[in-house]
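Good morning, colleagues. Please bring the sequence and the structure up on your screens, and I shall take you through two topics in turn.

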Amino acid sequence: MHLIVAEKNISAHRIAAILAGKEKLLVSRDAGVPVYRFNECAAIGLRGHVVEIDFEEGYTDWRSREKTPRSLIDARTIKVPTEKKIVLLLQKLSRSADRVTIATDYDTEGELIGKEAFELIRQVNPGVSVDRARFSAITPDEIRHAFGATTAIDFDLAAAGEARQVIDLMWGASLTRFISLAARRGGANILSVGRVQSPTLAMIVDREKEIEAFVSQMYWELSLLTEKDGEVVQARHQTARFCEKAAAVAARDRTTEPLVVTDVKEGNKTERAPVPFDTTGFIVASARLGFSAARAMRVAEDLYMNGYISYPRTDNTVYPTSLDLTGILRTLRPTEFEQEIDWVMANRRPVPTRGKKSSTDHPPIHPASAATRQSLGDERWKIYELVVRRFLATLSPDARWRTMKVTFDAGGEPFAATGGQLIEPGWRRVYPYSSAKEYLLPAMTAGERLPLREVSLEEKETQPPPRYSQSKLIQQMEEQGLGTKSTRHEVIQKLISRKYVEGNPLRPTLVGRAVTESLENHADTITRPAMTRTLEEHMQQIKEKMRSGKDVVSESRGMLHAVFDQLEAHCHEIGNEIMEQTAEELILGPCPVCSRDLRIRHLRNQTQFIGCSNYPECSFNIGLPMAMWGRALRTDSICQIHGLHHVRLVRKGSRPWEIGCPLCHHIESNREALSLVPSMTPGFQQALTSAHIYTISELAHAENLGEILGISPGEAGKIREEAGGVLGLLRRRSECRKLVRRMLAPKKGRSPAKIIKKLQEAGINDIAALGQADPALLKKVGIMDSEAESLLLEAQMVENDRVLRAAGIPAASIRKYLGAGIVSPDDLLSIPPASLAERTGLSLATVQRHVDMMARSRGETPPPRYTKAQVRKGEKELRSVPGLTSTALGKLRDAGVINGTLLLAGDPGALAGRTGIPEEKIRNFQAVLRERAKKKNDEIIVI
Ligand SMILES: [Zn+2]
Ligand SMILES: [Zn+2]
């Protein structure tokens, strides 16, 4: 069997379909991984890297004393499978293979992925022959050609990729740990440092500092307007910028008629057609269409894997002679570009344009097959169209312009006007992404006098350098030798997701800046591009067999140890610098009560809130959702009313939750609660807000409420009381809401919030009411019968528990009562204390105290108390009655009959009913007791 291993599932599918030709392609799944079979072949797709390198065991504890961050430099690395199912299937298929072809992407990364697969295959089938198919586009021609002329895996190329992996892991992990520990950051807030990432971040930080340090200067521009053949012509003073206002004003004052044309120069200018796309050029052009670098690459990779364009990771800007340009034009003709293609074919430039970089691995990005707008969808079509049009432009003639420069003299001051006219659009016909700005000048001749219509002097300011856009940054990274065509956009994405930079154009966050500045101060090797550039050169040397991967890694280890010498010597300074600088990111603005700083505070147990830095003098605070909903961070927007930074909750993998101004949010979320106060009016609400009373609890405790609202102390007291009532209601509602949410199973199409709202509308505001609710009502609001029963029970139980607690019965005792089946206050009051004591194991005195407490809290008279001795005496008395067994004794006790007197006093019929002892027996017991009592009386009389 011939096994074909592609980089991704989608490319495996396409390659198999192409190679199968007219043969039937069978698709099966093995442990969820698709396998494509035809003839004697099977093709599977990896998921990029299916193994990753990691440190050997024992390095996971960041705070370990022996395994310090520095120890990671020399830690051994191992390869761990990350896609276990694929690895297993790859090895399973390899066992029965007699030939394997590696068909991963054709670049360093692809070669390494291929080598990783090779190692996995050889583990289980050491003798199998393994070859390599290399192609730049997944089109029938390229694929058939590549499989017809397979070569061997390039182990040097893979070794270069492997060395880079090890070095990146070593630098990234050790430095990230060191800096995070120094700045006391952990969990989601670690400070990552990386070999390419850190110098890139430094470029953004440096640009920001340049902008801040920029002192703008005034300058003046002088221009005039004249007219020829009814057309207005603008001319500028030959001194483009006047730096002194006096000189500019003097020149303006001298600018007078006669205005004479002194010279007219006409010329031609050619505008070269653009060069073929490499990755950077492509990203820059996509940015003009609104694509971020990462998104442009994602779409391009998708188009590549589906065979529409060639491999998008390339440094090459020169078409190789082997590339069949005419063939591509023919392939593309049946698309909506037919007209453009016909034009290009008829007007094709003799040699296509070429850029400065030529490499042998991949051709520049070019279209590979025809597509329609409909089949691709909007986003993919935009990128496809860009690639097609760029390709056409590189084969089109240059554009030609006619230029004209006219100079004037006005009162001795020299002016000039320039114009341009597109006479031959050339490539602009097929590549409309940059518009041609034509400025036509009417015909003029030297010596001609023209009217002076207007003279204007404009005051301007020099501008600071602009912040980097993503595409500009990628260009800059390329110039500095940072990263590769494959990784640059990913590095920028990492900086964004790690919250080191934000916005477009990019600017550093406080953390990004703090980390960079601290590294620049203490170990600037990490933030300078030189080290990374050197490594890129070493990679090249590995590829060219001039150095071994081991050698390069070991040199890098030495460099990193030197960096740690510097870092470890300044560990405390680095930590303090970062912590001091980043504290600012939590400050939101002035406290509405005392004007000191409000700050976001994070506590250990997921709790976060906004508090005043003047605490405990000022206790103003605003609650925030738990950190599981996202960590609270400030944004750059500032509330116009309160001067506070907006707050956003950020959680990995989900869209941020915009809270906005925390105080506006606080006021808004309390508005409804305040309006529940019966005497509340909109005027009162406003007065409360200006007095910084935002919540119902603050209102219930407001001391100078009368003054604030302009009402009498009596009225103020009433409002406070009402607020207290609402507070209680809200508390009870919230408890009820929690219970309902806890008890209802999540179900599609049913929102607990809606059910709770309906319950409240039906007057069910607390757990007590819920426990007594009519099951029919529960059904009406959307609770199923099966759930209603347990919901009612739970509500009753929670409510009973609350009432028992409220009566003052300790929780430990409540647990004992529940354990004995005594669940409600009614049980407690109806079961005789002696039975309660017997059943729960609590002492009689304790039980009687509980019964008293319960009765009093209900406003009822407590039952009579008995001492232990009295109970024991009564028990003894009853036991001595012939025929009264232990069982009967228990039954009597449960009915509250604990001595002979009580037994004698009861009506036999009623006692039989309460105890379940036959009436006949009770009459017998009573007879015995009556007899004894009589004897006793007689004895007394005798004495
Ligand atoms: Zn305050
Ligand atoms: Zn606000």
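In what order do the 6 strands of the open sheet lie? Before I answer, please note that this is a predicted model. The order is β2-β3-β4-β1-β7-β8, and the pairing within this sheet is mixed. At its edges stand β2, residues 26–30, and β8, residues 129–132, each of which pairs on one side only. On average, neighbouring strands in this sheet are turned by 25° against each other, with direction ignored.

Let me begin with an antiparallel pair. Strand β3, residues 33–38, and strand β4, residues 41–45, are joined in the antiparallel sense by 3 bridges. Within this pair, Arg37 has Ala42 of β4 as its bridge partner.

Helix α1, covering residues 9–20, packs on the sheet. The helix touches β1 (2–6), β3, β4 and β7 (99–103), and its direction makes about 10° with that of β3.

I turn now to β1. Which strands does β1 pair with in the parallel sense? One is β7, to which β1 is paired over 5 bridges. Here Ala6 stands opposite Ala103 of β7. Another is β4, which runs parallel to β1 and is likewise joined to β1 by 5 bridges. In that pairing, Ile4 faces Ala43 of β4.

Are the residues of β1 buried or exposed? The strand is mostly covered, with 5 of its 5 residues buried. Seen from the strand, His2, Ile4 and Ala6 point one way, while Leu3 and Val5 point the other way; on either side, these residues are buried.

Why can Cys594 and Cys612 be said to tie together separate parts of the sequence? Cys594 belongs to the loop between β18 (587–590) and β19 (597–602), whereas Cys612 is in strand β20, residues 608–612; the pair therefore links parts that are 18 residues apart in sequence. Their surroundings may also be compared. Cys594 counts as partly exposed because its relative accessibility is 25%, whereas Cys612, with a relative accessible area of 2%, is buried.

Which protein donors does it have? They are Cys639 (SG), His642 (ND1), Cys661 (SG) and Cys664 (SG), at 2.1 to 2.3 Å from the ion. The arrangement is tetrahedral because the 4 donor atoms subtend angles of 106 to 112° around the zinc ion. In sequence, the donor residues are spaced C-x2-H-x18-C-x2-C.

Here, Cys639 sits in the loop between β22 (631–638) and β23 (645–650), and Cys664 sits in helix α20, residues 662–675, so this pair connects parts that are 25 residues apart in sequence. As for accessibility, Cys639 is buried because its relative accessible area is 7%, while Cys664, at 27% relative accessibility, counts as partly exposed.

With that, I conclude my remarks and welcome discussion.

Definitions and conventions
Residues are numbered from 1 along each chain as its sequence is written. Chains are lettered from A and ligands numbered from 1 in the order in which they are written. This is a predicted model: local features need pLDDT of at least 70, side-chain atom pairs count only at pLDDT 80 or more; totals for chains, interfaces and linings use all residues. Side-chain values use heavy atoms; hydrogens and water are left out. Two strands pair if DSSP finds at least two bridges between them. Helices (H or I, at least four residues) and strands (E, at least two) are DSSP runs, numbered from the N terminus. Axes are lines fitted to C-alpha atoms, for helices over the stretch in contact, and angles run from 0 to 180 degrees between N-to-C directions. Contact means heavy atoms within 4.5 Å. Buried means under 20% relative accessible area, exposed over 50%, partly exposed in between (1.4 Å probe, protein chains only). Donors are N, O and S atoms within 2.8 Å of the metal (3.2 Å for Na, K and Ca); water is not among the atoms, so sites may look incomplete. Four donors count as tetrahedral if all angles lie between 85 and 135 degrees; four count as square planar and six as octahedral if opposite donors are over 155 degrees apart and all others between 65 and 115; anything else is irregular.
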